[in-house]
Structure formats: structure tokens, C-alpha cells
Amino acid sequence: MTTISYPPKPSPGDRVAVISPSAGLPGLFPRPYELGLDRLREEYGLEPVEYPATRRMGSTPQQRADDIHAAFADPDVRAVVASIGGEDQITVLPLLDRELIRADPKPFFGMSDNTNLLLYLRNAGIVGYHGATVMCELGRPGAMHPRTADSLRAALFTSGPYELRPAERWNDVNGDWADPATFEREPASRPGEGWTWVNADRAVEGRSWGGNLEILGWLLMADREISHDLTAYDGGVLFLETSEELPSADEVFRTLRNMGERGLLQRFSALLMGRARTWSFQRPNTPEEGARYAAAQREAVLRAMRTYAPETMIVFDVDLGHTDPQLVIPYGGFVRVDGPARRVTVTY
């Protein structure tokens, strides 16, 4: 088994690579992208460096792999940040040079389709960071959410424990990036209801594994980057989230069922389930419709876990993934889930 280690952290003033391993959406929507770059400079003191495919829609998998290699090979670049996600990053993975990336390990930040690269890095022995893309979190209208900004700062620059806390208010409705008025106001939000705990009678700690559920399903179908030696996941902390494509409760259950049939679900000591995304431009649910969607997803998760891992501790509605605020999860790093104390602590 590959030893998993935390890569060295950047310092203010360092150069960080900004790449598009999936979709080159900065070329279509420059406003949130440029805003995100400005915040990297002004709020975090980092100097973003772009690569040829960063703003290019329709770039080939090889062009995106070349950018990843260039970012990791540059000794002056001390971290790598994804511009946004997409849906075909799985085609980039076979083109990557694991030894090149291992030669100078760096923190990589991304989510959604970037689950592909995060899992690839974990298998290369490098802890990554699930969250904080340039366009979505750094490019948020109004200002970065304070909880997101604080979590990202800790993940970027510090090493050690960081307690995750439930959001007092949250949002999952986006404005139109093509409309300048979107960026003139703070996104609306609604009251948070805290996290829901199941089997919370113990405290566990393990290395994290997971990410976006739809992407994990695709990786399972392609038989890529998921170990056949299931002991590699023993005692780990599984974390999952779903995207703005709003997969049905049936799809969520079936993906988890297949993970259970493969023997994966049973290996983990705890599951952190991200708050369900309930709104998209294609499905602009009302708050009531969204609540029903989230409840159906929760029941689908419970049904699968009761079948395959009935004793596993579960925390629902964690502020990770496609939600605002968004807490950064170290991918392959340590996570402690303390049921009796109702506390989740990650190690950045």
C-alpha cells in the first residue's frame, strides 16, 4: 500500500497554479473567474498562474493532462487549484504520470468532477483538498462566505486539527453568471437546521475517502482508481455529496447499493453525507420541493446503509460539496467523528 502524506503548504507570496482539468468555463464566464483570481491575490496573498487550457472550452484530455503535469513540475508553484468541475475528467486520468506528480507533491483543491484527480492523488500518496474552486467558492457574488474563507485559509496555510461546524444559514441557489447584476448582491440564504446524527454512540478517526457520488459511480463502472484490495479502506471515514444534476433518490440508492455489493460501504467507520443540492437552473425547485428532494435522498442513503453497514455512524447535511458555505475536506487526510460530543474535526 502507498503511504499517504500531506504535501508541503504554500506561504503568502507563493505562486499557485490555476487549471481546468475538466471544463474550461473561465472562457465562457470570465466574471466569477476573474473575481476568484483577485481574491486569491488580495485575500490570500497568492499569485495565480494560468495554463494553456485553463480558459479553453473543448480542450482535449491530453491538453489538460499537460497542464496538470506542468503545474506539478514547476518548482515555483506551491499549490494547484481547479477553476471549476465538469463531467469528463475521467478521460484525463490515463494520461497522467504518477511519478512526475509524486516528485514534487503539492496541495490540490477542487471538488465535483475533480473527485477524479483527488482520488488519483490519494492513490499516489498525496493528500488533496475537496473544495474551494476558483469560480464557485472564491468567485462567490458579494464576498466569500466567511466559513468557506476561513476553512480554505486553514487548509492552505496551516497543519493540524480544524473543527467543522454546522452553518447557521446556507444557500444552494445560484444567480446567472452571465448577468452582471448577480455579482452586485449577496446570495440569499435560509436558516440552517444543524446536522443529523445516526449511530452516534462512539468516536472514530480515519483517513477520508469519497467525494462526489456520481463521479464515484462512473469510476466504479470504468474500474479506475478504486482498489480491489478493500482492506485499504478499513476504518476510514467516507464522505459523499451530490451535484447540481440532482440525481434521483433511486439513483443515489443504486449507486450506494453497488458500492455495498462490491464490499466498500462496510469498510468505513463513519459517513459524512453532504447537504443535498436541491436547486439547479434545469430544476429550479421551490424550498418545499427542495426539502422533499433532500428528505428522499436521506432516506435512500439510510436504506442502503441499513442494508450493508447498519452500525456505521452517519452525519447528514454536513456543509461540504455543492453547498454554500462549503467546508474543505482533506482527501486522504485524517477525520475524527465524535458522536457523543457531536463534533467533526479534520486535520489539514
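Visitor: What order do the strands of the open sheet have?
Guide: The 8 strands of this open sheet run β6-β16-β15-β10-β11-β12-β13-β9, and the pairing is mixed. Strands here are DSSP runs of E with at least two residues, helices are runs of H or I with at least four, and both are numbered from the N terminus. Two strands pair if DSSP finds at least two bridges between them.

Visitor: And which strands stand at the edges?
Guide: β6 (161-164) and β9 (196-198); each has a single partner strand, so one side of each is left without a neighbour in the sheet. From one strand to the next, the twist averages 25°.

Visitor: Before we go on, what kind of model is this?
Guide: This is a predicted model, where local features need pLDDT of at least 70, side-chain atom pairs count only at pLDDT 80 or more, and totals for chains, interfaces and linings use all residues. Residues are numbered from 1 along each chain as its sequence is written, and side-chain values use heavy atoms, with hydrogens and water left out.

Visitor: Thanks! How many bridges join β10 to β15?
Guide: There are 5, between β10 (residues 203-212) and β15 (residues 334-338), and the two strands run antiparallel. Glutamate 205, for one, has arginine 336 in β15 as its bridge partner.

Visitor: Which helix packs on the sheet there?
Guide: Helix α7 (residues 213-222) does, touching β10 and β11 (237-241), with its direction at about 75° to that of β10. Contact means heavy atoms within 4.5 Å; axes are lines fitted to C-alpha atoms, for helices over the stretch in contact, and angles run from 0 to 180 degrees between N-to-C directions.

Visitor: Switching to α6, which of its residues are buried?
Guide: Thr148, Ala149, Ser151, Leu152, Ala154, Ala155 and Leu156. Buried means under 20% relative accessible area, exposed over 50%, and partly exposed in between (1.4 Å probe, protein chains only).

Visitor: What do they pack against?
Guide: The buried residues of α6 pack against β4 (108-110), β5 (128-130), α5 (134-138) and β6.

Visitor: Where is the cis peptide bond?
Guide: It runs from aspartate 324 to proline 325, with omega near 5°. Proline 325 lies in the loop between β13 (313-318) and β14 (329-331).

Visitor: What about asparagine 199, what is its phi?
Guide: Positive, about 55°, although asparagine 199 is not a glycine. Asparagine 199 sits in the loop between β9 and β10 and is partly exposed, at 28% relative accessible area.

Visitor: And aspartate 317, buried or exposed?
Guide: Aspartate 317 counts as buried, at 16% relative accessibility. Aspartate 317 belongs to strand β13 and has a positive phi of about 65°.
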